[in-house]
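User: Could you take a close look at the nonpolar core of this model for me, and at the sheet and helices around it? I'd like one connected account, please.

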Amino acid sequence: MPATEDAATLRPVSTTPRPAAPVHTGVTDEPLDPMVLESSVVTSACGAALTFTGIVRNHDPEATGTVTSLDYSAHPDAGAVLAGIVARHVRVPGDPRGEVRVAAAHRIGHLDVGDLALVVSVASAHRAEAFEVCRSVVEDIKAEVPIWKKQQTASGEAHWVGLP
């Protein structure tokens, strides 16, 4: 995802309402910045904001040995699928369940242990909705977005995960 106005600088919390639409979604080969995504969803109406970061770890039940890096590949439609998931979870002002704002980004390309692979930020008036929506968005991304990873291990072996 090329740099956007949201990615260029961190913006302060706005005191004026912004549209309740996905404000920042994408599949990118650039490093992810959780603060950029969180700042894109928070408004003065929000009493809760949380950000999930998926971090490349050094082990996986499907890998033999220590994982040293991952290589993520994405279908050309992955960004559109991600945007659709976010749009599905956004709740507009006036929704009886309360407004919920969502942003998400998934990284592709080569990632080392410790790099961020997924960031999801959610803001709402109350924490229960923020936690519920964040978990649902993360689970839907893992289940639906056509992104696959190739795990590299210390022994030099590689293992693909998520291929259809």
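Analyst: Happy to! Keep in mind that this is a predicted model. In its largest nonpolar core, which has 29 residues, the members touching the most others are Val102, Val120, Val122, Val137, Ile141 and Val145. At least two residues of this core come from each of these elements: strands S2 (48-55), S3 (67-74), S4 (100-107) and S6 (116-124), and helices H3 (78-89) and H4 (127-144). H4 contributes the most, with six residues.

Leaving aside neighbours within four places in sequence, Val122 is in contact with Val41, Ala48, Ala49, Leu50, Val100, Arg101, Val102, Ala130, Val133 and Cys134. There is also a second, separate core of nine residues, with Leu37, Val41, Val42 and Ala123 among them.

Now to the sheet. Four strands make up an open sheet with mixed pairing, ordered S1-S4-S6-S2. Strand S1 (25-28) and S2 are the edge strands, and each has a single partner strand, so one side of each lacks a neighbour in the sheet. From one strand to the next, the twist averages 5 degrees. S1 and S4 run parallel and are joined by four bridges; Thr28 sits opposite Arg107 in S4.

Finally, the helices. H3 packs on the sheet, where it touches S1 and S4, and its direction makes about 160 degrees with that of S4.

Methods. Residues numbered from 1 in each chain as written. Predicted model: local features only at pLDDT ≥ 70, side-chain atom pairs only at ≥ 80, totals over all residues. Heavy atoms only, no water. Core = buried A, V, L, I, M, F, W, Y, C linked by side-chain atoms within 4.5 Å. Buried < 20%, exposed > 50% of the residue type's maximum accessible area, 1.4 Å probe, protein only. Contact = heavy atoms within 4.5 Å. Pairing = 2+ DSSP bridges. Axes fitted to C-alpha atoms, helices over the stretch in contact; angles between N-to-C directions.
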